[in-house]
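Hi,

Here is the structure I promised to pass on to you. Please open it alongside this message, and my notes on what turned up follow below.

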Amino acid sequence: MLGLLAATLVGACRERPTLLLELAPSGIDPAAVDGQLTLGVIELATGRLLGEATLPTHALSDQRRLFEGLSLVDGHSYRLRVDVHFAEASCTSEQPELHRRALGLSPSFVYTADLQAVEVYLGCADGTRAGGNPELRVYHTATWVPEGGLQGRVLLVGGVTPSLTALELETPGETKALRTIESFDPVSGQFTPLQVELSSARFLQQAALLDSGDVLLSGGFAPAQVGDATIFVAVKTVERLRDGRIAALPDLHEGRGAHGQLLLPSGQVAVFGGIGSEGAPLLSVERFDPRGADSSSSLSLDWPALLPTVVDFGDGRHVLVAGGAGPEDRDITGQVFCFAAPCDCGDPPCARALAGFGAGQSRFGAPGVRVPCAGGKGGAIYLVGGGREDPETKVDTMYNDIYCLDTKGPERLARVGELHRRRSGHSATLVAGPAGPRLFVAGGGGELPDTPSTAELVPVDCACGTIASDAIKLITLRGARFGHTATLLPDGTVLLVGSLLGAAAERFSPDS
């Protein structure tokens, strides 16, 4: 039971705007199954429900008038929410109570008298639906780029063709690095190749959306010819994607890929660790200004960082960096970097170590997410899973730990729970939930055969409390995900793109 609805706001009479609901041409008709559909209008500034109406699903084809005399104000922002309860099971879910329920939440929109339509994306609650067929790629970047009002798109950049040897830098086999860029339109569900391409093919680069609306791309691994062989090497390249054009920026001091990156409130960009051009993990941290100022490499990590987790505190000053490569019997501690005064580590920029992460084992690839508290005062940062490779046997070990850091008193990372599955190469995205926020932890290698094709919904809070195992819900994905991207869209859904097994894209609709 999937589809796209368009709620049309008719403003012919400005004092008494009328809200009609009609099916978009590309949508699947929810009227095909008996049920009840409830539509609500939410005022964005206050969260107040302005109006709510319920009608039978089969009445949609009659273009029923749902609201009259709504208190919609020119220039104010709103959202639409659709909640459908079907008379029979129409959705697939691990939770029987959700077999008959579908949800949709529109992006925020600004009401004007000439507004024509607001899109609402309808999907099974806590379930996924097909999300289109992009070019097959993994280890790419995916960036949501807003374009005003309802408009926006996801830009998919670079990556490699799906292959089990995609991370073999010196013996890549049939793996092919990509320089292509695609645009995903969340309204139509279409992936469209752009005419512009990267200056060179590369993967495991980092992307950041700048305040200007440009997408900044740094580093990555690019193909290089050594004798008769092609290998992948880390590059210094920094580029900016703007209005369908690629522009070169000054290079990094060091070539690096599989690094971490964060846009700082100052407008500078910080890059952390990664694998260098010599093939070894890096300790260095660089800061540069995409507006043209010289980069700086005065900071360093306490340990070599491979696929480090980088999460800001939301206070404009502090950043958590965790995870890396190291000896088997050593904790890879987290570090808190401070980029603006006041700092408890000295004069900015500076850093101090955090204990507690790893339980005696080094690890990398543990995605991190910050859960803010109401009012923007403090919050908690969660790190989930991760893995490590034995340097001698090359055997991977995966973890299912959940760690948490209280940003109001960041002294140590506390182990607060466990996922149902061990995972590495997975994603973690903060989504809404009926009882509060949840982490949507999707895909990742680990315990075969089902780990890459599953996701978990982990209830979290803005304080670091224990997470009960029976509160974590398992979700079945449509494809096996590893080395993929997970992008939160304005309507609250999550777009998953990329699979080593070549699965198409899919879109998760949280029970909000």
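Of the 512 residues in the chain, 54% count as buried. Please keep in mind that this is a predicted model. The secondary structure comes to 43 strands and zero helices. As for contacts between residues at least 6 apart in sequence, 53% of them join residues at least 24 apart.

Let me begin with the nonpolar cores. The largest has 21 residues, and Val41, Leu72, Tyr78, Leu80, Val82 and Val84 are the ones with the most contacts inside it. Four strands each supply at least two residues of this core: β3 (35-43), β4 (49-56), β6 (77-86) and β9 (118-124). Strand β6 gives the largest share of this core, with five residues. Another core lies apart from it and has 18 residues, including Val369, Tyr382, Val384 and Leu439.

Next, the disulfides. How many does a search of the whole structure find? The search finds four, and I will go through three of them here.

Cysteine 338 is joined to cysteine 343 by a disulfide with an S to S distance of 2.0 Å. The torsion about the S-S bond of this pair is about -75°, so the disulfide is left-handed. Cysteine 338 and cysteine 343 are both buried.

Cysteine 345 pairs with cysteine 350, and here the sulfur atoms are 1.9 Å apart. This disulfide is right-handed, because the torsion about the S-S bond of cysteine 345 and cysteine 350 is about 65°. Are the two cysteines buried or partly exposed? Cysteine 345 has a relative accessible area of 25% and is therefore partly exposed, while cysteine 350 counts as buried because its relative accessibility is 8%, with the cut-off for buried set at under 20%.

The disulfide between cysteine 373 and cysteine 462 has its sulfur atoms 2.2 Å apart. Its S-S torsion is about 100°, so this disulfide is right-handed. The pair links distant parts of the chain, 89 residues apart: cysteine 373 sits in the loop between β31 (368-372) and β32 (379-384), and cysteine 462 in the loop between β39 (454-459) and β40 (473-476). Both of these cysteines are buried.

The peptide bond from alanine 341 to proline 342 is cis, with omega near 0°. Proline 342 is found in the loop between β29 (334-338) and β30 (350-354). Another cis peptide bond joins proline 348 and proline 349, where omega is about -5°. Proline 349 is also placed in the loop between β29 and β30.

Aspartate 126 has a phi of about 50° and lies in the loop between β9 and β10 (127-130). Aspartate 126 is buried because its relative accessible area is 2%. Leucine 204 likewise has a positive phi of about 50° without being a glycine, and its place is the loop between β14 (190-193) and β15 (206-209). Leucine 204 counts as buried because its relative accessibility is 13%.

A search of the whole structure finds one cavity of 30 Å³ or more. The largest cavity holds about 40 Å³ of space. Which residues line the largest cavity? The lining is made up of Pro134, Glu135, Leu136, Arg137, Pro162, Val497, Gly498, Ser499, Gly502 and Ala503. By type, the lining residues divide into five nonpolar, three polar and two charged.

Threonine 141 counts as buried because its relative accessibility is 7%. What does threonine 141 touch, not counting residues up to four places away in sequence? Its contacts are Leu155, Leu156, Val157, Gln205, Gln206, Ala207, Leu217 and Thr485.

Best wishes

Key: Residues are numbered from 1 along each chain as its sequence is written. This is a predicted model: local features need pLDDT of at least 70, side-chain atom pairs count only at pLDDT 80 or more; totals for chains, interfaces and linings use all residues. Side-chain values use heavy atoms; hydrogens and water are left out. A disulfide is a pair of cysteine sulfur atoms within 2.5 Å. Buried means under 20% relative accessible area, exposed over 50%, partly exposed in between (1.4 Å probe, protein chains only). On a 1 Å grid over the protein atoms alone, a cavity is a set of points where a 1.4 Å probe fits but cannot get out, and a pocket is an open set with protein on both sides within 12 Å along at least five of seven lines; lining residues have an atom within 4 Å of a point. Grid points are joined across faces, edges and corners, and a volume is the space filled by probe spheres set on the points. Ala, Val, Leu, Ile, Met, Phe, Trp, Tyr, Cys and Pro count as nonpolar, Asp, Glu, Lys and Arg as charged, and the others, Gly among them, as polar. Contact means heavy atoms within 4.5 Å. A nonpolar core is a set of buried Ala, Val, Leu, Ile, Met, Phe, Trp, Tyr and Cys residues joined through side-chain atoms within 4.5 Å.
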